[in-house]
Amino acid sequence: MHRMSIYTLALGVFVTATSELVVSGILNVIAESLNISLALAGQLITAYSLAFAIGTPVVVSVTARLGRRQVLLGSLALFIVGCLVSFGSSNIVILMASRVILGVSAGVYLVVAMGVAAKLVPREKLGSAIGTIILGFSSAMILGVPIGIAITNWLNWQSIFLILGLFSLGITIVIWRLLPDIEGDAPVSFRQQFKVLGSVVVVSGLLLTFFRESGNSILFTYLTPYLQGSLHVKASNISFIMLAFGIFGAIGSRLGGYGVDRWGAARVITFSIAVHITALVALPFVSDIPGIGLALLAVIVFSMFANGPAIQSYFIQQAPESSNLVLSLNTSIVHLGLAAGAGTGGLMINAASTLQYNPWTASFMLVIGLAAALVSFTRGKKVAVKPA
């Protein structure tokens with residue numbers, strides 16, 4: 001029964017994540033439909049990310065004591081409203097408002113879904129449960145975006161959001177009937193909850209997330225031009241390669257979860273980031289050998305997604321009484337890191353007129369992130385053995 005509940009939660013993550021990711025794939029269609037510039041249409045992504053980053057920790061903190069099923073249902077109801085507003089959008093202002101609604105609701109759903117999954121399984125299965133939830137996100141990259149583009153070509157871009165809303169309604173009904181009542185976090189004052197921000201263990205863990213996502217974004221924001229310009233991949237092969245990378249990511253998130261259960265979150269984080277850095281450093285040296293370059297990128301994607309469940313599990317283990325707050329802050333840091341990395345990558349392109357060396361800058365960011373992780377692990381061990 002609990003396994004079915006976790007799969008249902010993961011399906012909800014797939015739907016909500018698709019609403020985020022699909023826009024980048026149909027941005028030009030939206031711009032043409034609303035008669036706006038591509039640059040203005042791109043702000044739809046910015047609005048979503050800011051709403052996700054700012055709104056999620058606030059709402060999660062305010063609703064921390066409420067039953068988890070109640071919060072999940074509320075976030076899905078708000079998500080459905082956002083989908084309907086997107087479906088009925090006739091101008092950029094309304095569509096921008098819908099992106100704010102979708103960003104907050106999807107962020108709250110993701111954080112609470114991970115917290116619920118952690119409470120549905122025994123401690124030794126935590127990694128697998130979180131890995132399944134994250135699998136919903138990586139599946140949106142593999143299936144959600146291509147399906148959204150196909151729906152746009154078949155009907156129109158507004159229909160995507162109507163379909164997402166209908167699927168969300170079905171998931172809402174299943175969660176209402178299937179998911180058991182789960183209590184919210186123990187009554188802890190805001191002041192006590194936010195004391196976690198003074199913890200070296202948690203703060204250095206959040207720094208890991210920031211530098212990790214910044215490094216990833218430096219490369220992956222510009223992945224298509226990197227594939228074409230540096231690895232000389234034909235444009236006609238890009239979609240197939242992206243699908244293959246998505247599959248590697250899905251496998252990575254699954255195996256990363258199993259790895260947490262078997263070897264612990266700290267070991268999985270350390271090993272996966274070390275592999276990630278090594279592959280990034282090697283990448284510029286093989287630009288004349290596309291096959292090896294693509295293989296290294298597949299390793300990078302695999303390591304990146306294997307690392308995800310480990311980081312989420314680590315935060316849950318380190319701050320059990322404030323796990324929802326910490327997870328929501330971590331998701332906010334993810335979006336801030338992505339924005340910082342995209343900006344850094346853009347500056348590098350303008351300065352060097354090439355993407356050839358972006359992997360090295362990305363690896364430098366990940367080295368800083370790994371150093372922060374090691375500080376967190378070391379400090380966490382000292383706290384764990386400290387006498388009561």
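This is a predicted model: local features need pLDDT of at least 70, side-chain atom pairs count only at pLDDT 80 or more; totals for chains, interfaces and linings use all residues.
Helix 4 (residues 68-87) and helix 7 (residues 157-178) have axes that come within 8 Å and cross at roughly 160°. Two packed helices are described by the angle between their axes and the distance between the axes.

**Helix 4 with helix 7**

- Because angles over 145 degrees count as roughly antiparallel, helix 4 and helix 7 are roughly antiparallel to each other.
- The crossing of helix 4 and helix 7 is left-handed, and the residues in the contact of helix 4 with helix 7 fall by class into 15 nonpolar, six polar and one charged.

**Helix 5 with helix 6**

- Helix 5 (residues 92-120) packs against helix 6 (residues 126-154) at an angle of about 150°, and their axes lie 9 Å apart, which makes helix 5 roughly antiparallel to helix 6.
- The crossing of helix 5 and helix 6 is right-handed.
- On the side of helix 5, the contact is made by Leu 110, Ala 113, Met 114, Ala 117 and Ala 118, while helix 6 contributes Leu 126, Ala 129, Ile 130 and Ile 133.
- By class, the residues in the contact of helix 5 with helix 6 divide into nine nonpolar, no polar and no charged.

**The cavity**

- Rolling a probe the size of a water molecule over the atoms shows where empty space is left.
- The count comes to one cavity of 30 Å³ or more, and about 40 Å³ of space lies in the largest cavity.
- The lining of the largest cavity is formed by Val 13, Thr 16, Ala 17, Glu 20, Tyr 48, Phe 52, Ala 106, Leu 110 and Phe 137, and these residues divide into seven nonpolar, one polar and one charged.
- Helix 1 (2-25), helix 3 (38-62) and helix 5 are the elements that give two or more residues to this lining, and the largest share, four residues, comes from helix 1.
- Leu 110 is among the residues that line the largest cavity, and Leu 110 of helix 5 also takes part in the contact with helix 6.

How values were computed
Residues are numbered from 1 along each chain as its sequence is written. Side-chain values use heavy atoms; hydrogens and water are left out. Axes are lines fitted to C-alpha atoms, for helices over the stretch in contact, and angles run from 0 to 180 degrees between N-to-C directions. Angles under 35 degrees count as roughly parallel, over 145 as roughly antiparallel, 65 to 115 as roughly perpendicular and the rest as oblique. A crossing is left-handed if the near helix is turned anticlockwise from the far one by less than a right angle, and right-handed if clockwise. Contact means heavy atoms within 4.5 Å. Ala, Val, Leu, Ile, Met, Phe, Trp, Tyr, Cys and Pro count as nonpolar, Asp, Glu, Lys and Arg as charged, and the others, Gly among them, as polar. On a 1 Å grid over the protein atoms alone, a cavity is a set of points where a 1.4 Å probe fits but cannot get out, and a pocket is an open set with protein on both sides within 12 Å along at least five of seven lines; lining residues have an atom within 4 Å of a point. Grid points are joined across faces, edges and corners, and a volume is the space filled by probe spheres set on the points.
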